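Please keep the structure in view while reading.

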Amino acid sequence: MMIDGKSNEMDVAPFIRNGRTMVPIRAIAEAFGAKVNWKAATETVEIQVDNLFISMQIGNPVAMVGKKVTALDSPPIIENGRTFVPLRFIAESFGAEVEWVAETRTIIIYYSK
(Lines give C-alpha, C1' and ligand atoms only; values in the text may rest on other atoms or scores of the structure.)
Protein backbone atom coordinates (compact mmCIF):
# COMPACT_ATOMS: atom_id res chain seq x y z
CA MET A 1 0.00 0.00 0.00
CA MET A 2 1.35 3.43 -0.94
CA ILE A 3 0.09 6.63 0.67
CA ASP A 4 1.56 9.86 -0.71
CA GLY A 5 4.46 7.89 -2.17
CA LYS A 6 5.26 6.15 1.12
CA SER A 7 5.11 2.35 1.16
CA ASN A 8 3.15 0.68 3.98
CA GLU A 9 3.04 -3.12 4.29
CA MET A 10 -0.26 -4.94 4.80
CA ASP A 11 -0.15 -8.45 6.23
CA VAL A 12 -3.41 -9.42 4.51
CA ALA A 13 -4.61 -8.41 1.07
CA PRO A 14 -7.50 -6.01 0.47
CA PHE A 15 -10.41 -7.25 -1.62
CA ILE A 16 -13.41 -5.88 -3.48
CA ARG A 17 -16.89 -6.70 -2.19
CA ASN A 18 -20.07 -5.17 -3.60
CA GLY A 19 -17.98 -2.70 -5.60
CA ARG A 20 -16.09 -1.43 -2.53
CA THR A 21 -12.45 -2.00 -1.67
CA MET A 22 -12.22 -3.45 1.81
CA VAL A 23 -8.95 -3.12 3.73
CA PRO A 24 -7.75 -4.37 7.11
CA ILE A 25 -8.58 -1.56 9.52
CA ARG A 26 -5.33 -1.59 11.45
CA ALA A 27 -3.19 -1.26 8.30
CA ILE A 28 -5.09 1.72 6.89
CA ALA A 29 -5.65 3.49 10.22
CA GLU A 30 -2.05 3.17 11.35
CA ALA A 31 -0.83 4.42 7.95
CA PHE A 32 -2.63 7.66 8.83
CA GLY A 33 -1.10 7.69 12.32
CA ALA A 34 -4.35 6.66 14.02
CA LYS A 35 -4.84 4.39 17.02
CA VAL A 36 -7.23 1.45 16.76
CA ASN A 37 -9.24 -0.05 19.61
CA TRP A 38 -11.33 -3.25 19.27
CA LYS A 39 -14.31 -3.86 21.58
CA ALA A 40 -14.99 -7.58 21.23
CA ALA A 41 -18.23 -7.60 23.25
CA THR A 42 -19.98 -5.31 20.75
CA GLU A 43 -17.77 -6.04 17.71
CA THR A 44 -16.97 -2.35 17.50
CA VAL A 45 -13.81 -0.80 16.13
CA GLU A 46 -12.81 2.65 17.33
CA ILE A 47 -10.29 4.76 15.47
CA GLN A 48 -8.73 7.96 16.74
CA VAL A 49 -6.27 10.35 15.20
CA ASP A 50 -5.72 13.76 16.74
CA ASN A 51 -9.24 15.08 17.54
CA LEU A 52 -11.03 12.80 15.05
CA PHE A 53 -12.90 9.79 16.45
CA ILE A 54 -14.58 7.13 14.29
CA SER A 55 -16.67 4.26 15.61
CA MET A 56 -17.92 1.38 13.45
CA GLN A 57 -19.66 -1.87 14.32
CA ILE A 58 -19.37 -5.10 12.34
CA GLY A 59 -22.31 -5.45 9.94
CA ASN A 60 -23.76 -2.05 10.86
CA PRO A 61 -24.28 0.30 7.88
CA VAL A 62 -23.96 3.35 10.17
CA ALA A 63 -20.75 4.83 11.59
CA MET A 64 -20.02 7.69 13.94
CA VAL A 65 -17.51 10.26 12.76
CA GLY A 66 -17.07 12.62 15.67
CA LYS A 67 -20.65 13.27 16.76
CA LYS A 68 -22.04 12.84 13.25
CA VAL A 69 -23.94 9.73 12.18
CA THR A 70 -22.77 8.62 8.73
CA ALA A 71 -24.37 6.01 6.46
CA LEU A 72 -22.02 3.43 4.99
CA ASP A 73 -22.66 1.78 1.64
CA SER A 74 -20.53 -1.14 2.81
CA PRO A 75 -20.37 -1.97 6.54
CA PRO A 76 -17.28 -3.37 8.27
CA ILE A 77 -16.92 -7.16 8.15
CA ILE A 78 -14.81 -9.86 9.73
CA GLU A 79 -13.02 -12.09 7.24
CA ASN A 80 -10.64 -14.84 8.41
CA GLY A 81 -10.51 -13.28 11.88
CA ARG A 82 -9.61 -9.80 10.61
CA THR A 83 -11.71 -6.64 10.56
CA PHE A 84 -12.09 -5.05 7.12
CA VAL A 85 -13.54 -1.62 6.41
CA PRO A 86 -14.33 0.34 3.23
CA LEU A 87 -11.12 2.13 2.22
CA ARG A 88 -12.74 5.22 0.70
CA PHE A 89 -14.83 5.93 3.81
CA ILE A 90 -11.84 5.73 6.16
CA ALA A 91 -9.49 7.71 3.93
CA GLU A 92 -12.01 10.46 3.26
CA SER A 93 -12.92 10.63 6.96
CA PHE A 94 -9.24 11.41 7.62
CA GLY A 95 -9.42 14.20 5.04
CA ALA A 96 -7.66 12.36 2.22
CA GLU A 97 -8.62 12.30 -1.44
CA VAL A 98 -9.12 8.92 -3.09
CA GLU A 99 -8.66 8.14 -6.77
CA TRP A 100 -9.58 4.83 -8.46
CA VAL A 101 -7.55 3.95 -11.57
CA ALA A 102 -9.71 1.32 -13.28
CA GLU A 103 -7.13 0.32 -15.91
CA THR A 104 -4.66 -0.90 -13.28
CA ARG A 105 -7.17 -1.56 -10.47
CA THR A 106 -5.16 0.81 -8.31
CA ILE A 107 -6.30 3.17 -5.59
CA ILE A 108 -4.31 6.33 -5.01
CA ILE A 109 -4.70 8.16 -1.70
CA TYR A 110 -3.62 11.79 -1.45
CA TYR A 111 -3.17 12.93 2.13
CA SER A 112 -1.44 15.79 3.84
CA LYS A 113 -1.80 16.34 7.54
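## Largest pocket

The largest pocket has 17 lining residues, and R20, T21, L87, R88 and F89 lie nearest its centre. A pocket here is an open set of points on a 1 Å grid over the protein atoms alone, where a 1.4 Å probe fits, with protein on both sides within 12 Å along at least five of seven lines; lining residues have an atom within 4 Å of a point. The model is predicted: local features need pLDDT of at least 70 and side-chain atom pairs pLDDT 80 or more, while totals for chains, interfaces and linings use all residues. Numbering starts from 1 along each chain as its sequence is written, and side-chain values use heavy atoms, without hydrogens and water.

The space in the largest pocket is about 320 Å³. Volume is the space filled by probe spheres set on the points, which are joined across faces, edges and corners. Strand 4 (20-24), helix 2 and strand 12 (97-101) each give two or more residues to this lining. Helix 2 has the largest share, five residues. Helices (H or I, at least four residues) and strands (E, at least two) are DSSP runs, numbered from the N terminus. By class, the lining has ten nonpolar, three polar and four charged residues. Ala, Val, Leu, Ile, Met, Phe, Trp, Tyr, Cys and Pro count as nonpolar, Asp, Glu, Lys and Arg as charged, and the others, Gly among them, as polar.

## Second largest pocket

The second largest pocket has a volume of about 230 Å³. It is lined by 14 residues; M10, P14, T21, L87 and I107 are the closest to its centre. Strand 3 (15-17), strand 4 and strand 13 (106-110) each supply two or more lining residues. Strand 13 gives the most, with three. The lining holds eleven nonpolar, two polar and one charged residues.

## Nonpolar core

The largest nonpolar core has 25 residues. Such a core joins buried Ala, Val, Leu, Ile, Met, Phe, Trp, Tyr and Cys residues through side-chain atoms within 4.5 Å. I28, I47, M56, I90 and F94 have the most contacts inside this core. Helix 2 (87-93) is among the elements that supply at least two residues. Its share, four residues, is the largest.

F94 touches residues including A29, I47, L52 and Y111, not counting those up to four places away in sequence. Contact means heavy atoms within 4.5 Å.

## An exposed lysine

K68 lies in strand 9 (residues 68-71). K68 counts as exposed because its relative accessibility is 57%. The cut-offs are under 20% for buried and over 50% for exposed, with partly exposed in between (1.4 Å probe, protein chains only).
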